[in-house]
Amino acid sequence: MAEMAIFYDSSKCTACKGCQVACKQWNQLPSPLTADKFEYTKSYQSPLETNPDTWVIMTFDEVDQDIGVEWNFMRRACFHCTDAACLQACPVGAISKRDNGAVVIDSEKCIGCQYCTNACPFDIPKWKEADNKTRKCWLCQDRLANGRQPACVTTCPTGALTFGERTEMVATAKTALDEAKAKGFNDAEVYGVDELDGMHVLFLAHRGLEAHGLIRDPKVPDMIELWQLLKPLGGAAFAAVIGGLGISYLTGIGYKREETDESEEVQK
Amino acid sequence: MTNHWVDLKNSDVVLAIGGNNAENHPISMKWVTEARKNGAKYIVVDPRFTRSAAVSDLYGPLRSGTDIAFLGGLYNYIFENKLYHEEYVKNYTNASWLVNPDYGFDDGLFSGYDEAGRKYDKATWQYDTEGETPWDTEGAFAWVNKPGTPAFTTPIGKTPKKDETLSDPNCVFQLMKKHYERYTPEIASAVSGMPIDRMMEIWETYASTGQPGKAGTIMYAMGMTQHTYGSQNVRAMAVLQLLLGNMGMPGGGVNALRGESNVQGSTDMAMLFHIIPAYMATPNATKHKVLRDYLEKETPSGGYWTNKPKFFISLLKEMYGDYATAANNYAFDMMPKLNGKNHSHIAMFEAMNEGTVKGLFLWGQNPAVGGPNCSMERNAMEKLDWMVAVDLWETETASFWKAPTIDPSTIDTEVFLLPAACHYEKQGSISNSGRWIQWRWKAVDPPGDAMDDGEICTEIVHALKDLYKAEGGALPEAITELTWDYMDENDHLDITKLARAINGYTVADGKVVANFTKLAADGSTACGNWLFSGYWTNEDSMDPADQPTGARDNTDPTRKGLDGGMGSHLGWSFCWPVNRRIIYNRASCDPAGNPWNPDKPLFKWTGSEWLSNDVPDFGNKAADGTETKPPNSTAFIMLPEGNARLFAQGMADGPFPEHYEPYESPATNALSSTQNDPAVVVWESASLGTKDKFPIVMSTYRLTEHWQTGGMTRNLPWLVETMPKMFIELSQELADDKGIESGDSVVIENNRGAITALAMVTNRFKPFTINGETVHQVGTPWHWSYSSGCSIGGSANDLTPNVGDANTMIPEYKAFLVDIRKEEV
Amino acid sequence: MQYIQRHGKHARTVHWFHTISCISLFITGLFLYVPAFAGALSVDTLQVGRLVHRIAAAIFIGIPLIGILVKPSATAHKLKEYVTPWTSEDKEFMKKFLKYMFSPKTTHMPKQGRVKSGQKLADGAIIIFSILIAISGAFMWINVSPALDVDFSQGLMRSMYFLHDGSMIVLGVLLIAHIFLGGGIFQPYRGSWRLMFGNGKVSVADAKYHWGFWADEEIKSGKNVTEE
């Protein structure tokens with residue numbers, strides 16, 4: 001399959017949370033079952049964050065105005081980066097990139113170490129204590145394999161979410177940007193085209209990145225790059241020391257200390 | 001809706017007022033988005049900044065209950081700036097009709113008011129007429145003489161006097177202009193609290209649709225209807241649309257967002273006390289002692305409703321089958337009749353309280369949470385002898401004795417809870433807000449003992465029939481002769497047979513009729529619902545997929561000779577009436593037959609024929625098949641006038657919408673000294689309060705995440721997670737006043753009750769300035785109550801008043817008074 | 001032959017524990033570091049590996065801590081050996097060390113005290129990086145522990161991962177060198193494995209060769225010299 005992408009147009013989104021619930025329904029992700037396990041978030045945003053059983057959330061940001069507010073919505077879920085920090089961080093190779101661009105955690109291989117949760121610049125993957133696995137959006141690989149679209153896209157009633165080949169979605173995003181600017185949204189920006197070598201979820205943030213809670217110019221954290229640099233560096237170091245000591249061993253063959261001149265000691 | 005969902009895409013300006021379409025009808029935004037792609041503007045008017053407002057082009061905050069001040073001001077603005085669509089108003093409304101010279105309006109009261117009875121004598125509201133037009137029983141109305149047709153005195157129409165120049169001071173146009181002179185922008189802003197600049201901007205934008213060829217659509221819901229003048233609110237929107245020439249236009253209309261998936265179907269099938277299927281009046285024991293009375297009193301002199309006897313007799317013929325004959329007045333005597341007492345929802349609970357109503361059947365209804373002043377309704381239930389609740393879950397009503405303040409040991413009510421199948425566990429039709437009757441198929445079997453409502457009803461009817469047959473009793477034929485031959489070979493209800501009967505058929509051969517134009521008043525046809533007639537017309541199949549109601553062609557070609565793409569989708573489901581998607585659609589063209597908007601034509605007269613993108617709502621063909629020529633411009637065929645009513649005598653509280661304050665209001669009426677709607681019945685149990693103790697305006701509303709009284713959604717963890725707790729939204733200013741922070745538990749109280757909710761402090765509510773004073777408004781969802789699984793919380797309706805609309809008795813849920821305080825821990 | 005007792009029971013016991021725990025840490029750690037290795041095992045096996053890693057870590061850290069608590073003076077005494085000022089022989093040793101590794105036959109090393117200068121550097125580094133790897137490991141363990149409801153920031157954890165793996169590389173390199181030298185794979189050091197794994201005694205000849213100044217002192221005092 002060619003590289004695919006989801007495109008989210010915030011100017012069409014009404015934050016109905018259909019995407020949030022459809023994802024849970026399709027992937028059969030549980031919610032708490034008893035009243036005491038639900039927490040009031042003081043906001044329309046609920047839950048407040050992704051968790052191992054909630055892979056997509058709608059976020060709500062209010063900016064006060066003289067009349068009403070600017071209420072900015074965003075679909076928050078895995079961005080499926082090309083340069084995925086989580087993939088680098090995983091020590092057991094449980095995270096892989098599919099041909100269609102999706103970054104997928106293989107639950108069979110995941111050991112719950114949570115390195116990926118700490119590597120992700122967006123803090124998306126979340127670890128579940130109950131089964132010691134970390135989970136996140138997997139771009140509905142089973143649906144894609146059967147010629148369907150991700151559950152969130154299929155559910156979206158307003159067409160804020162669309163899906164297709166990444167090159168087409170990039171074009172769609174750019175058109176949407178022009179339309180938003182034409183309507184007077186001067187701060188409108190597109191997101192995901194080049195970030196992290198290109199993400200497989202693209203966005204139109206019609207009031208600008210920050211207003212919708214998107215991180216400008218995200219990067220794989222330097223410390224992660226540095227840390228991963230240790231792997232080849234360490235390998236080289238070990239190779240060097242073993243190699244060096246190997247040569248040392250060879251040069252020491254036939255060494256008999258009795259043949260040295262112990263009288264040197266006295267001479268000193 | 002006069003139009004429909006897809007048609008929204010044809011609008012130039014979309015106004016959502018008293019309705020929150022993005023949150024409560026998410027799919028609607030798909031079509032609004034289409035309209036906006038073509039440059040349409042989306043305006044939201046709401047006390048609270050909702051998710052609809054979040055995506056709107058213009059938002060106007062307005063205090064709950066002041067829509068007529070806002071709309072009346074808009075009329076005044078339209079008159080002053082001549083923004084009304086003049087040719088449309090002249091030709092398609094009763095603007096030119098003259099009214100009785102004794103008609104008057106003074107200081108909030110129309111002429112003919114009886115203070116003691118709180119009613120209007122409408123004699124002075126009638127048209128000034130000259131001459132009479134009796135029915136031509138030799139010609140168009142010859143059917144009254146057909147053998148088998150019950151005898152009745154045919155009505156006599158009165159010819160109204162008119163002034164086509166619209167200058168006579170007694171013509172509707174001038175009366176209306178005069179009526180709204182008081183509604184200046186300053187007053188409209190002072191009463192509604194909408195900042196004047198924003199208000200004028202909204203007025204200007206919306207009034208631009210008065211240009212010929214432009215269309216504005218209005219979406220509304222309970223924010224307009226749930227007031228003591230709710231019917232007037234709706235009329236006010238209709239009047240606006242008529243002034244601007246938006247009725248019958250693609251992208252226009254008055255469009256109710258129905259609040260339940262099949263509430264449209266339920267009102268079509270008359271699940272309301274005052275109507276029988278397809279909006280005919282329920283017979284009244286005093287008014288309609290015999291069939292003749294009914295036909296004479298209910299049949300108007302003009303308009304399409306002159307065919308009512310055909311629909312009514314056909315209905316009786318289906319209800320009582322062979323038993324109904326001309327000799328026994330088609331079993332009219334067996335038909336249940338109203339006893340003249342008000343048994344609307346509020347009144348019914350009063351009657352329960354008094355002990356006159358002793359038993360209660362609830363089909364998917366939860367008044368313990370959804371009713372106004374619901375703690376009073378729960379208390380009324382305690383007095384019942386028996387209750388039968390049919391529902392998917394044990395609702396608060398079905399377990400009313402478990403309510404926090406009720407002592408079960410004092411209650412003698414026998415309660416039955418019958419588990420019901422939900423919508424995908426049974427098949428049947430649903431009418432959406434746009435009148436599209438779409439068949440739904442069964443997906444899975446219901447769990448356990450749950451049964452679909454039709455099946456439950458069938459078992460009850462069969463049991464009653466057996467009991468009456470065995471034991472006799474008062475008027476046993478009313479039950480024993482009731483048609484109920486909709487059974488399958490396993491003696492279960494076969495809903496397809498019922499659907500067929502609803503469509504209607506000729507009695508002699510049992511074959512389905514094509515539509516309601518084939519119905520007769522002589523007993524030769526039977527029909528369960530004349531509006532639905534045409535939805536099940538394939539005689540050779542009992543498969544819903546082969547019927548219009550099951551049709552699923554999603555293409556949108558032209559009906560005849562025009563470019564398609566207007567959104568009619570004539571091959572998708574059946575739209576009542578006769579698959580007509582936009583009603584009053586003659587008004588989409590000028591009297592000469594040219595579409596007001598040539599780029600979005602519904603119809604076009606070519607000089608020899610009518611081209612069409614919809615089923616015509618006008619006589620486009622004569623009996624011999626020749627196309628009728630313009631002007632044939634009777635666009636509003638359901639009214640005797642044939643023209644739409646800017647001035648309407650049929651309303652209980654006035655022919656023009658007039659601003660009154662809600663029954664609990666923080667403000668004195670600035671438009672007149674008649675504080676409240678003068679035709680409303682007020683019960684003591686409403687326990688109305690005043691602003692000195694309860695200064696804060698409160699409204700209730702719905703969320704995307706939850707559904708009605710919460711029985712379904714509060715039992716679904718996935719949904720509870722998206723909005724887990726009952727909350728109250730309040731402004732930062734009010735929160736600061738009261739020392740409340742988000743997350744605090746807040747007590748909300750008034751004379752009717754007290755509940756708690758968690759605070760959500762937000763700038764989406766801001767204080768209003770009303771007549772110079774600061775007035776705060778708060779709001780809560782009403783989805784929560786004391787039972788149902790994963791989330792319980794305060795019942796908002798403990799606070800709402802059981803005082804109802806002057807015309808329909810719908811309770812004033814949307815504007816009442818409370819006080820709030822932080823709950824002491 | 002005459003022998004000098006170089007390492008007592010305490011030192012040898014600790015060394016045994018460290019040997020076993022350290023090798024366990026490296027092996028289990030390797031399977032959590034090289035994805036190809038991890039892929040060869042089932043998740044259940046890897047989880048056992050993580051458990052073993054933590055137990056080994058507890059031993060690795062705990063044993064010397066116990067030693068410090070039980071015999072603080074002995075620990076202080078031992079650590080003092082590492083902070084003695086560098087003599088000219090110490091400096092000469094370091095200068096010649098690299099040549100010595102690759103041409104021991106032609107390189108004559110100067111006399112050394114009880115602890116060679118190279119050993120001071122190596123052991124010092126081992127101690128420091130062991131502390132770093134222990135602290136970072138502790139953070140990593142606490143971060144994932146269900147029993148402790150602790151949530152460290154992403155930034156802190158990334159630093160800990162870096163510190164842990166970086167320390168591991170330094171320690172790994174030193175461990176290999178230590179085995180090569182301390183285990184006697186390096187010909188001039190043949191037989192030195194007995195010092196920690198055997199009875200702790202070194203022949204006088206070897207003692208004079210490696211730690212001349214110390215050998216002189218021990219021969220002079222005679223306390224720890226035995227005849228076998």
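Modeller: One term before we start: a residue is called buried under 20% relative accessible area, exposed over 50%, and partly exposed in between. Keep in mind that this is a predicted model.

Biologist: Fine. Take B:Lys402, then. Is that residue buried or partly exposed?

Modeller: The relative accessible area of B:Lys402 is 47%, so B:Lys402 counts as partly exposed.

Biologist: And which residue does B:Lys402 form a salt bridge with?

Modeller: The partner is B:Glu394, and the closest N and O atoms are 3.2 Å apart. B:Glu394 has a relative accessible area of 36%, so that residue is partly exposed too.

Biologist: How many salt bridges does a search of the whole structure find?

Modeller: Over all chains, the search finds 46 salt bridges. One of them joins the side chains of B:Glu729 and B:Arg48, at 2.8 Å from N to O. The two residues are 681 apart in the chain and link distant parts of it. B:Glu729 is in strand β25 (residues 727–730) of chain B, while B:Arg48 is in the loop between β2 (41–45) and α3 (51–54).

Biologist: Are B:Glu729 and B:Arg48 buried or exposed?

Modeller: Both B:Glu729 and B:Arg48 are buried.

Biologist: What about B:Asp798, which side chain does that one meet?

Modeller: B:Asp798 meets B:Arg378 in a salt bridge, with 2.8 Å from N to O. This pair also links distant parts of the chain, 420 residues apart. B:Asp798 sits in the loop between β30 (777–781) and β31 (816–822) of chain B, and B:Arg378 belongs to helix α16 (residues 374–381) of chain B. B:Asp798 is buried, and B:Arg378 is buried as well.

Biologist: Switching to the interfaces. How many residues of chain A are in contact with chain B?

Modeller: There are 43 from chain A, in contact with 46 residues of chain B. The two chains bury about 3,600 Å² between them, and 63% of that is on carbon and sulfur atoms. On the chain A side, A:Tyr40, A:Tyr44 and A:Ile67 supply 22% of the area buried against chain B, more than any other three residues.

Biologist: How many salt bridges go across the interface of chain A and chain B?

Modeller: The rule finds 5. As an example of a salt bridge between these chains, the side chains of A:Lys183 and B:Asp57 meet at 3.9 Å, N to O. There is also a network of salt bridges that links A:Lys17, B:Glu23, B:Arg51 and B:Glu705.

Biologist: And chain A with chain C, what area is buried there?

Modeller: About 4,100 Å², with 63% of it from carbon and sulfur atoms. The contact takes in 48 residues of chain A and 46 residues of chain C. In chain A, the residues that lose the most area to chain C are A:Asn118, A:Tyr255 and A:Arg257, together 18% of what that side buries. Across this interface the rule finds 0 salt bridges.

Biologist: Staying with chain C, at what angle do the axes of α5 and α6 cross?

Modeller: Roughly 75°, and the axes of helix α5 (residues 88–102) and helix α6 (residues 117–144) of chain C come within 8 Å. That makes α5(C) roughly perpendicular to α6(C).

Biologist: Which residues meet there?

Modeller: From α5(C), C:Asp90, C:Phe93 and C:Met94 meet C:Ser117, C:Gly118, C:Lys120 and C:Leu121 of α6(C). By class, the contact of α5(C) with α6(C) has 3 nonpolar, 2 polar and 2 charged residues.

Biologist: Now the backbone. Where are the cis peptide bonds at A:Pro47 and B:Pro577?

Modeller: The bond between A:Ser46 and A:Pro47 is cis, with omega about -5°. A:Pro47 is in the loop between α1 (18–26) and β2 (57–64) of chain A. In chain B, the cis bond runs from B:Trp576 to B:Pro577, with omega near -5°. B:Pro577 is in the loop between β21 (574–575) and β22 (603–605).

Definitions and conventions: Residues numbered from 1 in each chain as written. Chains lettered and ligands numbered in written order. Predicted model: local features only at pLDDT ≥ 70, side-chain atom pairs only at ≥ 80, totals over all residues. Heavy atoms only, no water. Axes fitted to C-alpha atoms, helices over the stretch in contact; angles between N-to-C directions. Helix = DSSP H or I, 4+ residues; strand = E, 2+ residues; numbered from the N terminus. Parallel < 35°, antiparallel > 145°, perpendicular 65-115°, else oblique. Contact = heavy atoms within 4.5 Å. Nonpolar A, V, L, I, M, F, W, Y, C, P; charged D, E, K, R; others polar. Buried area = accessible area lost by both parts, 1.4 Å probe. Salt bridge = Lys/Arg side-chain N within 4 Å of Asp/Glu carboxyl O. Buried < 20%, exposed > 50% of the residue type's maximum accessible area, 1.4 Å probe, protein only.
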